[in-house]
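Reader: Can you walk me through this one? I'd like the quick version.
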Amino acid sequence: MTTETPDFNDQSEQQNTGKAINLKLLSDLVQGNKTKLNKYIEIYLRNVPDAVESIKKALEAKDYEALHKHIHAFKPQVKMMGIVKLNGFIDTLEKDLKEQTNLESIRERTTFTINSIEESVEILNEILNQTD
């Protein structure tokens with residue numbers, strides 16, 4: 001594992017190192033300001049446990065309306081953090097929940113979403129530790 005600070009503007013580098021994160025959108029938003037970028041990452045990391053817990057509870061209860069609400073609310077953060085695995089995927093999941101379609105695969109797809117979010121926590125913590 002490299003200890004170099006990642007180039008937040010280089011999508012190919014993020015993907016070629018096996019990372020599932022592309023911080024280009026966030027970096028563009030903060031105009032490359034590493035302090036602000038780290039602040040947004042820290043906010044995301046603080047929000048993840050409650051969001052994941054809410055998603056898990058709604059999934060277990062098979063409360064697809066609540067699940068839709070939680071996925072919808074957390075989706076902008078997922079996109080801002082550039083969770084590559086969820087590009088497009090979370091949009092389809094949200095749409096299916098809203099329309100109550102393809103429910104037979106909701107558990108599997110929601111679990112994949114949760115796992116991807118949890119993986120992002122590890123990666124983003126690693127990035128924060130590299131920039132300290």
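Reader: What kind of model is it?
Author: The model is predicted.

Reader: How many helices and strands in the protein chain?
Author: The protein chain has 6 helices and 0 strands. Along the sequence the pattern reads α-α-α-α-α-α.

Reader: What share of the residues is buried?
Author: Of 132 residues, 39% count as buried. The protein chain exposes about 7500 Å², and carbon and sulfur atoms supply 48% of that area.

Reader: And contacts at least 24 apart in sequence, what percentage?
Author: 64%, taken among contacts between residues at least 6 apart in sequence.

Reader: Switching to H4. Where does it bend?
Author: H4 bends by about 35° at Phe 74. A proline, Pro 76, follows within four residues. Helix H4 covers residues 64–80 and reaches 24 Å from first C-alpha to last, close to the 24 Å expected.

Reader: Is Phe 74 buried or exposed?
Author: Phe 74 is buried. Other buried residues of H4 include Leu 67, His 68, Ile 71 and Lys 75.

Reader: What follows H4?
Author: Gly 82 follows, with a positive phi near 65°.

Reader: Now H5. Which residues are buried there?
Author: In H5, residues 89–99, the buried ones are Ile 90, Leu 93, Glu 94, Asp 96 and Leu 97. Seen down the H5 axis, they fall within an arc of 165°, so they line one face of the helix. After H5 comes Gln 100, whose phi is also positive, near 55°.

Reader: How many salt bridges?
Author: The structure holds 9.

Reader: Which one ties H4 to H5?
Author: Asp 91 and Lys 79 meet in a salt bridge, 3.0 Å from N to O. Asp 91 lies in H5 and Lys 79 in H4, so the pair ties together parts 12 residues apart in sequence. Both ends are partly exposed: Asp 91 at 27% relative accessibility, Lys 79 at 36%.

Reader: What about Lys 56, which residue does it pair with?
Author: Lys 56 bridges to Glu 118, with the closest N and O atoms 3.5 Å apart. That pair links distant parts of the chain, helix H3 and helix H6, 62 residues apart. Lys 56 is partly exposed at 35%, and Glu 118 is partly exposed at 32%.

Methods
Residues are numbered from 1 along each chain as its sequence is written. This is a predicted model: local features need pLDDT of at least 70, side-chain atom pairs count only at pLDDT 80 or more; totals for chains, interfaces and linings use all residues. Side-chain values use heavy atoms; hydrogens and water are left out. Buried means under 20% relative accessible area, exposed over 50%, partly exposed in between (1.4 Å probe, protein chains only). Helices (H or I, at least four residues) and strands (E, at least two) are DSSP runs, numbered from the N terminus. The arc is that of the directions from the helix axis to the C-beta atoms. Contact means heavy atoms within 4.5 Å. Accessible areas come from the Shrake-Rupley method with a 1.4 Å probe; for residues, only the protein chains shown count as cover. The expected span of a helix is 1.5 Å times one less than its number of residues. The bend at a residue is the angle between axes fitted to the seven residues ending there and the seven starting there. A salt bridge is a side-chain nitrogen of Lys or Arg within 4 Å of a carboxyl oxygen of Asp or Glu.
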